[in-house]
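The structure is shown first.

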Amino acid sequence: MAARKKTKGRGRPRQEENGAGLEEMKAEGILGIQNEGVNGEVKEEAVEPKPESAPLVEGRGRKRRRKKQEEGGGGEGVLGNQNQNEEEVAEYGVEVKRRCPQRAARAVKAVVEEEEEEEEPEIRKMKKRKAAAAAVEDEDEAVKDVSTMCHQCQRNDKGRVVRCTSCPKRGKGMRKRYCIPCIQRWYPNTSEEAIAEACPVCRGNCNCKACLRLDVPNRCLKNLDPKIDEETKLEHCKYLVHQLLPYLKRIRDEQVSEMVVEAKRQGLGDVSELKVEKANCADDERMYCNNCSTSIFDFHRSCPECEYDLCLICCREIRDGKWKKRGMEEEESQKYVDLGREYLHGKGELKSLLKKKIEKELKSLLKKKREEELKENVDVGVKLDSSESAQESTIASEDGNIQDGKQKKRGREDEVSEEFVNAGKCLDGEGELKRNDDVGVKQDESESAEESTFEWRASEDGSILCPPTHMKGCGKHNLELRCNFSQNHVIDLVEKAGKIDESYNPMHASSETCAQKCSCVKPVNDAVNSSSSSCKLRKAASRDGSDDNYLFCPRVGEIQDEDFGHFQWHWMRGEPVIVSNALENGSGLSWEPLVMWRAFRQIKNLKHDRELAVHTIECLDWSFKETNNLHFFTGYSEGRPDEKGWPEILKLKDFPPSTEFDNRLPRHGKEFVCCLPFKEYTHPNKGTLNLAIHLPPTSVKPDMGPKTYIAYGFAQELGRGDSVTKLHCDMSDAVNILTHTAEVALTTEQLATIDKLKKKHRKQDEREIFGNCHTSAGNGSGPQEESAEVCEDGGALWDIFRIQDVPQLEKYIDKHINEFRHVHCNPLQRVTHAIHDQTVYLTVEHKRKLKEEFGIEPWTFVQKLGDAVFIPAGCPHQVRNLKSCIKVALDFVSPENVGECFRLTEEFRTLPPNHRASEDKLEVKKMIVHAVCEAVKEISGENAKPEDVKPKERCKGPKRRRKGNKGEV
């Protein structure tokens, strides 16, 4: 008891002084309370000494004991003391916590603080900071668990939220929450349990405003890049060389032929003695032929003064006498007249409306001209008055007679007014106008006479004179031979590629003999097998005696290694390929219209401009109009009838424009690349069999996409105003993925209104097109075979024609050209090119007549949600949307279809200069040279610098070529 009283009198030691260690707790009797008797007596077993511990000393016993241990050579130091403290806590701590938990906690805390005092100051500070951060984090976590702020809408007043359990595992420490309304609206295909397991942020497909506009790659995309090992890459390079070598030889032959002509002109005995100078063309410029707008990538002829450039094909045509006056002729395109909204729905006669329209335009022009003439006359009169008044003042001051000056002035005013009236009469009369018109006509006639009589011919030695000024030349100097690469670059490349190709064994034989080698064509005649889920074929045509009625159609999840060979086999034959469920390769980012609207609505900041409206095409009259983003996407899901009750079909084409997809929609751009099948061909940056990726980084590259095609759709073929992409032909290969569909439900009244208006359209067509002959072609009244399949799961109806059927197709269109309507519903009168004009859509009835008259039919199939359609270059195709659709397309250039790219380049250069397809934007020859060059280096193991491949920039000079804007393919 004496010891106890002594402890009480001493009181609790302060923590700042000695830390109140565990031994001090024993000395003070803290641990001895459990052994105190009923009457306050202390039992003998209350303080049981421990033989292994040092004797306790009052006050600072713990420190003294440590000192004795160190003097006694214990060898443990602080570590031994810590172990001893742990043993004491283990033995006495349980009972202390049971009898006096608060005092025990304070004692343990004092022990920890005393140990921290003996540590280094930096370590102690670091631990305190970590402890403080942990405390704040725990406090924040407690608050977050209580918070109901939704990550999607940033609101906390929508009721219950679902909390993610994966966010802390990802190291974020912040549990994202999504309210139930946002889950139902923005993630309709995701359950609450799935979001609780992993929220959209964890999955990488969150479509809130903040996440949609992140200009960073998505971390959760697993299929972003193609999986190509070094051995496969080497095999692809050999395959490229094998496929492109014939076309590279054609390029070489063109250059050698021109070099021979130049050597003879200079009087050289051998071509090897010829020295061709390099052209002054920078890397950021794209060179075109000034005559035919074909891309120039290497050899060409150029004027030393005016820098008029001429391609080798035009040089050959001039020498052969086959040059056509393409540059001087304007395209005789049809002029379309807006006859009003009433005419679009069958009201009024075409001829009478055209007459009224012309009379109205003439009256407007005459009125405008008279106003301009009257203004000129007034200006003339004012100038005369001011000049005469100044003259009269001078005369008056000289004579000193003000009165005489006034009289002279008054007399001159009468004279001037008479001259003014005469001038006005002369200007108002027809004589002066006729005189001015005659002068202009004479000038135009003289210029046109000079142009019409000009014949561009080569000299006897093969030299070509620069054209005259009316052709934007100078007409003074001979065109000199120039090159962009080194002189023998292509010749040496052909030699290297030929050696590689000699030892290469192609994987496939020619398309004429390989039909028996592809196993996927065997079940074609088995109707049951071809329609089963395990078959990778889809019937698309019913041609008699043809083996290409079925298209290769694998599923993404079932594609095996051997399917790549099947794809190449069908692709080599010029057949389309359909890959189902392509969206499964992505992260699940939503392509909903409201999500796209959020992404399109670019608010102005450092990187983006404000754009709240889009330019759309109305399919009824094919006119452009500006539409608000929100209104457009609302009509996408709900529909937009016009004032007559007719469905207003709008198209948003090629958005975003000019290679802005990755900048404006970075998340969707990465998502689309992930969904691409057969990335060896389609990947825009790493596809080893995509020729477009082999262009040098500094060169001007064509716009290959991706681009979105968003349009309304209607299952029934309307015949007028359908949501269609008219018949056309692309210069390059393309892949098109249907990412979203929405069906607009129409009421019974709307359907009745549509039927009523279709009857008016039919009567109008009979009057203006068919001459009151009862026919259904072009007016949508024919049978609707495709609609039955469409309403279930179809999104877009495709018609793709074979390349060998193109001549017959052109003949049919030329024959029936007057049965089609285009801009403002004006009947077509003529076309420059039946397919490249893109002014015709073949309805069901037209396709029936095409087969009857010419025996050809297209591959016709329905593109379903998630289907990726591969369209070979050179295949004419058309599309009709059966529902509101969002499609994303990407262009690429495969080695199998380079021949068609060559053919289309030659075809496009013969079109008029202002034709939509006249310019060579693909530059396929340039791609071939660079692709073969890179493949040869990869095979031979050369580590050449890019400067060895690109043409070196010579001395700076005036830039005569169009600056390299990436052109749409």
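Buried means under 20% relative accessible area, exposed over 50%, and partly exposed in between (1.4 Å probe, protein chains only). Helices (H or I, at least four residues) and strands (E, at least two) are DSSP runs, numbered from the N terminus. The model is predicted: local features need pLDDT of at least 70, side-chain atom pairs count only at pLDDT 80 or more, and totals for chains, interfaces and linings use all residues. Residues are numbered from 1 along each chain as its sequence is written, and side-chain values use heavy atoms, with hydrogens and water left out.

Helix α24 spans residues 666–675; nine of its 10 residues are buried, so the helix is largely enclosed by the rest of the structure. Among the buried residues are Pro666, Arg667, Phe672 and Cys675.

Glu896 sits in the loop between β22 (884–892) and α30 (898–908). Glu896 is buried, at 11% relative accessible area. Beyond four places in sequence, its contacts (heavy atoms within 4.5 Å) are Tyr239, Gln243, Gln568, Trp571, Met572 and Tyr681. Gln568 is 328 residues away along the chain, yet its C-alpha atom is 8.4 Å from that of Glu896.

| Side-chain pair | Distance |
|---|---|
| Glu896 and Tyr239 | 2.7 Å |
| Glu896 and Tyr681 | 2.5 Å |

A nonpolar core is a set of buried Ala, Val, Leu, Ile, Met, Phe, Trp, Tyr and Cys residues joined through side-chain atoms within 4.5 Å. In the largest, of 97 residues, Leu691, Leu809, Phe870 and Ile928 touch the most other members. Apart from this core lies another of 23 residues, including Val162 and Cys179.

How values were computed
A polar contact is a pair of N or O atoms within 3.5 Å; within protein, one must be able to donate a hydrogen and the other to accept it, and residues adjacent in sequence count only if both atoms are side-chain atoms.
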